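Please look over the sequence and the structure shown here. A short briefing follows, arranged by topic.

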Amino acid sequence: MKKVTALLFVAAIIYSCGDGQQNESESKSADTAATAPAPAQDTGGGAVGADAEKALTLIGGNDCTTCHAIDRKIIGPAYTDVAKKYEDTPANVDTLISKIKHGGSGNWGQIAMTPHPNLSDDDARTMVKYILSLKNQ
Ligand code: HEC
């Protein structure tokens, strides 16, 4: 009987040790989860950088630069002026995506932007988000 008690005791110690470790790793992962928002924001910043790079590649790869420059009017408005005119709201982003895809005039003058029907919504969104981010420059 003593042996069994001793065994149970040892088993209890082993069990509680194991449990303790588990708790430790659980609380570790809880800690990570609690601090996750901060690194996630950093990654968000990095992602914006990556998106800006992608946007510039898209803008350069399409014909946009024929009519637009970042900070001066060519045939179309400067992108910084577009950023000042429109808040970065989902509705404005959608409107501008549609404008780039379908073309048109009237918001900046009589000259029309050519349509870009082959542009994917995703690519157009990347460019619009980038253009609207130029507000503070
Ligand atoms: C043929 C010249 C031309 C090309 C090419 C062109 N644009 Fe434009 N863009 C314009 C003109 C002109 C306007 C102003 C239209 C207006 O008055 O509504 C404009 C307006 C815009 C606007 C603001 C739209 C609004 O309604 O206020 C955005 C954003 C824009 N262009 C992005 C782009 C992007 C991105 C590309 C490349 C995919 C591009 N443009 C290619 C001429 C052009």
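The points below cover the overall fold, the iron site, the largest pocket and one lysine.

This is a predicted model. The protein has 6 helices and 0 strands, and the iron atom of the ligand has two protein donors, His-68 and Met-113.

**Overall fold**

- Read along the sequence, the elements follow the pattern α-α-α-α-α-α.
- The protein has 137 residues, of which 22% are buried.
- Among contacts with a separation of 6 or more, 51% are between residues 24 or more positions apart.

**The iron site**

- His-68 gives its NE2 atom and Met-113 its SD atom to the iron atom of the ligand, at 1.9 to 2.1 Å.
- His-68 sits in the loop between helix H3 (64-67) and helix H4 (79-85), while Met-113 sits in the loop between helix H5 (90-102) and helix H6 (121-132), so the pair ties together parts that are 45 residues apart in sequence.
- Around the iron atom there are 6 donor atoms, and the arrangement is octahedral because the angles they subtend run from 84 to 179 degrees.
- For six octahedral donors, the ideal angles at a metal are 90 or 180 degrees.
- His-68 counts as buried because its relative accessibility is 12%, which is under the 20% limit for buried residues.

**The largest pocket**

- The largest pocket holds about 570 Å³ of space.
- Its lining is made up of 31 residues, and those closest to the pocket centre are His-68, Gly-76, Pro-77, Lys-99 and Met-113.
- H5 supplies the largest share of the lining, with 4 residues.
- By type, the lining residues divide into 17 nonpolar, 11 polar and 3 charged.

**Lys-101**

- Lys-101 is part of helix H5.
- Is Lys-101 buried or exposed? Lys-101 counts as buried because its relative accessibility is 19%, and the limit for buried residues is under 20%.
- Leaving out residues up to four places away in sequence, Lys-101 touches Pro-115, His-116, Pro-117, Leu-119 and Asp-121.

Conventions
Residues are numbered from 1 along each chain as its sequence is written. This is a predicted model: local features need pLDDT of at least 70, side-chain atom pairs count only at pLDDT 80 or more; totals for chains, interfaces and linings use all residues. Side-chain values use heavy atoms; hydrogens and water are left out. Donors are N, O and S atoms within 2.8 Å of the metal (3.2 Å for Na, K and Ca); water is not among the atoms, so sites may look incomplete. Four donors count as tetrahedral if all angles lie between 85 and 135 degrees; four count as square planar and six as octahedral if opposite donors are over 155 degrees apart and all others between 65 and 115; anything else is irregular. Helices (H or I, at least four residues) and strands (E, at least two) are DSSP runs, numbered from the N terminus. Buried means under 20% relative accessible area, exposed over 50%, partly exposed in between (1.4 Å probe, protein chains only). On a 1 Å grid over the protein atoms alone, a cavity is a set of points where a 1.4 Å probe fits but cannot get out, and a pocket is an open set with protein on both sides within 12 Å along at least five of seven lines; lining residues have an atom within 4 Å of a point. Grid points are joined across faces, edges and corners, and a volume is the space filled by probe spheres set on the points. Ala, Val, Leu, Ile, Met, Phe, Trp, Tyr, Cys and Pro count as nonpolar, Asp, Glu, Lys and Arg as charged, and the others, Gly among them, as polar. Contact means heavy atoms within 4.5 Å.
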